[in-house]
Amino acid sequence: MDGIMNKIRNLDAYPKINEDFYSRTLSGGVITVVSSVVMFLLFFSELRLYLHAATETKLVVDTSRGETLRINFDVTFPALACSIVSVDAMDISGEQHLDVKHDIIKKRLDAHGNVIEVRPDGIGAPKIEKPLQRHGGRLEHNETYCGSCYGAEAADDDCCNSCEDVREAYRKKGWALSNPDLIDQCKREGFLQKIKDEEGEGCNIYGFLEVNKVAGNFHFAPGKSFQQSNVHVHDLLAFQKESFNLSHRINRLAFGDYFPGVVNPLDSVHWTQEQPSGMYQYFLKVVPTMYTDVSGHTIQSNQFSVTEHFKGAEVGRLQSLPGVFFFYDLSPIKVTFTEQHVSFLHFLTNVCAIVGGVFTVSGILDSFIYHGQKAIKKKMEIGKFS
């Protein structure tokens, strides 16, 4: 048994030296204090990384199909009235959403940016006594109102009971409504008077659009949009204005839900129009993104990059549609973020590396200083005797 113990004792890689032979120095004490502090700081740094989740990033090919893209927006136009501006969306598949009103809220703003009125964007008109019937006579109390569409009826029994209905019928026909005062519904509702009353006001538009996950665009522009000879145009004649101030502030623009670490480059971007009119264009590259947190909850969202361009137009000669346009295209590459904790074994390995590394480096440094001082002292002694 003693022989086995002796063999194990001979394997000791850490032979002990009698304390009587220890030589303690000032430099060794300083190095011990400094190395202890460094070791302590590195340990707590490693502990913090262990307790907090690390995010792993990967790039994969986006193989999703048949999904939709949600566009969340909040845009303020300081000099464009809510009754003028409309929202359209269209994509390369041919699908169009013209004059979108659902899931959109408009806030009327005064010249100082204070809210005057908040209302959902929708079709509606006040009740007006004795409007003009489609057959030409005035509405009697025992009749059902059916207003004329002024030649834009899709069927013989179609009715246009408000100015908005007439404008919508004209839009479907691809016609422009040049003079609203000639339309009984618009005249009774005070369409032009309403626009004049809102002159100088601003508008804050916020909400979301649900579109196909293909390249397309959405835009904010004055007037009601319609198709004419396969060209997208807006009816601007009804407003009787030559130019529109498209100065705007993008409070928020996001494609999909929020996830930790997302940066939307257009948030809080402000642009002031210096020319009388024109088209402001944003070209966006949308990157599909999937974020998975520590608990395994997954968020499907998107990031995007952007470039900008302004296309001016001369007053009275609107060669391009005035408005704020967002053209987006989708990247075929998806970015995945996965949160995960560092394993305990990895943490233990790093702690051992910190302790061993600092201890070894400090020992080498102490040995270098000690032997250096000893050599210098010896040379000085030789110099004295010679």
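**Strand β7 and its partners**

I started with the strands, and β2 and β7 pair in the antiparallel sense over 10 bridges. Strands here are DSSP runs of E with at least two residues, helices are runs of H or I with at least four, and both are numbered from the N terminus. Two strands pair if DSSP finds at least two bridges between them.

Leu109 has Gly202 of β7 as its bridge partner.

How many of the 11 residues of β7 are buried? I got eight, so I wrote the strand down as mostly covered. Buried means under 20% relative accessible area, exposed means over 50%, and partly exposed is in between (1.4 Å probe, protein chains only).

**Ground rules**

I'm working with a predicted model, where local features need pLDDT of at least 70, side-chain atom pairs count only at pLDDT 80 or more, and totals for chains, interfaces and linings use all residues. Residues are numbered from 1 along each chain as its sequence is written, and side-chain values use heavy atoms, with hydrogens and water left out.

**The cores**

I looked for nonpolar cores, meaning sets of buried Ala, Val, Leu, Ile, Met, Phe, Trp, Tyr and Cys residues joined through side-chain atoms within 4.5 Å. The largest has 37 residues, and those with the most contacts inside it include Leu209, Phe218 and Phe326. Eight strands, β2, β3, β7, β8, β11, β12, β13 and β15, each supply at least two residues of this core. The largest share, five residues, comes from β2.

I then picked Phe218 and listed its contacts (heavy atoms within 4.5 Å). Leaving aside neighbours within four places in sequence, Phe218 touches, among others, Ile71, Leu209, Leu253 and Phe326. I also found a second, separate core of nine residues, including Ala152 and Tyr170.

**Salt bridges**

My rule was a side-chain nitrogen of Lys or Arg within 4 Å of a carboxyl oxygen of Asp or Glu. That count comes to five salt bridges.

Lys213 and Asp62 make one of them, at 3.6 Å from N to O. Lys213 lies in the loop between β7 and β8 and Asp62 in the loop between β1 and β2, so the pair ties together parts that are 151 residues apart in sequence. Asp62 counts as buried because its relative accessibility is 18%.

Lys213 also meets Glu67, at 3.1 Å from N to O. Those two are 146 residues apart, with Glu67 in the loop between β1 and β2. Glu67 counts as partly exposed, at 38%. I noted that Asp62, Glu67, Lys213 and Lys334 are linked in a network of salt bridges.

Glu201 and Arg108 are another pair, their closest N and O atoms being 2.6 Å apart. Glu201 is in the loop between α5 and β7 and Arg108 is in β5, so parts 93 residues apart in sequence are tied together. Are they buried or exposed? Glu201 is buried at 9% relative accessibility, and Arg108 is buried at 17%.

**A helix to finish**

Last, I checked α2, residues 26-51: its 26 residues reach 38 Å from first C-alpha to last, close to the 38 Å expected. The expected span is 1.5 Å times one less than the number of residues. In α2, the buried residues include Ser27, Ile31 and Glu46.
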